Amino acid sequence: MLDRIIFGDNQFFGINHMSEDKAQALAEKFKDLKAITDVIETAYDCGIRGFMFNTHERTGEICDYLRSNIARFPDIALYPSMPYAHKYANAVAEKGIFGALKEFIFADSSAREIFGILAKGGMTIFERDMIKVMQILVDMEMKAFRGLNVKVVFLQNIVTDLLLGFKAKEAFTGFVSYLNSKYSVEAGFNSMNMPMLVDFLLECGIENPIVCSSINKAGYFMNPDMASYEKTIKEKPFRPLAMSVLASGAIKPNEAIEYICQQPPIQSIVFGASSRQHIMETVHLIQKYSA
């Protein structure tokens, strides 16, 4: 079962879609690891057990901290979202395609792991095999979460929606089956167009898929429109997760959470916050309106 409340990580990495000034302030606030782990501890103490992490460059530090303090977080559940597209784009821009491959594919790999990667995907450049590339990236990104309780692995929305545009059925079914067979975890999908994605996943034969997208009273980042989202949530057999529920601060918390909890099939609410007061307030509102 998915956690009802999942704590997001955008604030840790200076991400705010409504204000560059706020984004810069967040980046400054969380430049030290302790500032991040203090907020994680606060969220955990407020009863939150699910945490969603993009595979940002700093996520490895956070996972190292969680592993070192596992007694502090005995029942924590992680929801990685991968790949973090900006990380790869920046690496290619700075080091070129071969420099980026060396950094990400072979960094910190043993001889045995490198042999396995080559055996799986050594001919990928020539074969243009999308499934092999996907498996290599998943294996590489999952290294950061070794030894931790991973519940669902999400495909990041930029990749999800690109593959959706190409109707790449094998990529979606391959992602689901690979995570299940190798890591015994479920696959989830982040998207900016939930209605279209849900229909396509069901066409692919993926039963009761997990889809995370922006759902809020303002219609913020809800493509093509709110009505199609509400209709999909009500009628389609899938597990929806709501993020951007506050529309980056455009909606008051009480009003925002009440709207989300009026959509009964929504499985989980994903939110991020940087202070104890905001975390406690949001948890209280979710509990209040869920009841």
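Is Arg 72 buried, partly exposed or exposed? At 29% relative accessibility, Arg 72 counts as partly exposed (buried means under 20% relative accessible area, exposed over 50%, and partly exposed in between, with a 1.4 Å probe and protein chains only).

A note before the views: this is a predicted model, in which local features need pLDDT of at least 70, side-chain atom pairs count only at pLDDT 80 or more, and totals for chains, interfaces and linings use all residues. Residues are numbered from 1 along each chain as its sequence is written, and side-chain values use heavy atoms, with hydrogens and water left out.

**View A. Glu 41 meets Arg 72 in a salt bridge.** The closest N and O atoms are 3.7 Å apart (a salt bridge is a side-chain nitrogen of Lys or Arg within 4 Å of a carboxyl oxygen of Asp or Glu). Glu 41 sits in helix H2 (residues 33–45) and Arg 72 in the loop between helix H3 (59–68) and strand E3 (77–82), so distant parts of the chain, 31 residues apart, are linked (helices, H or I with at least four residues, and strands, E with at least two, are DSSP runs numbered from the N terminus). Glu 41 is partly exposed, at 22% relative accessibility.

**View B. Lys 236 pairs with Asp 199.** Here the closest N and O atoms are 3.3 Å apart. Because Lys 236 lies in the loop between helix H11 (226–235) and strand E7 (239–243) and Asp 199 in helix H10 (residues 194–203), the pair ties together parts 37 residues apart in sequence.

**View C. Lys 231 and Glu 235 form a salt bridge.** Both residues lie in helix H11, four residues apart, about one turn of the helix.
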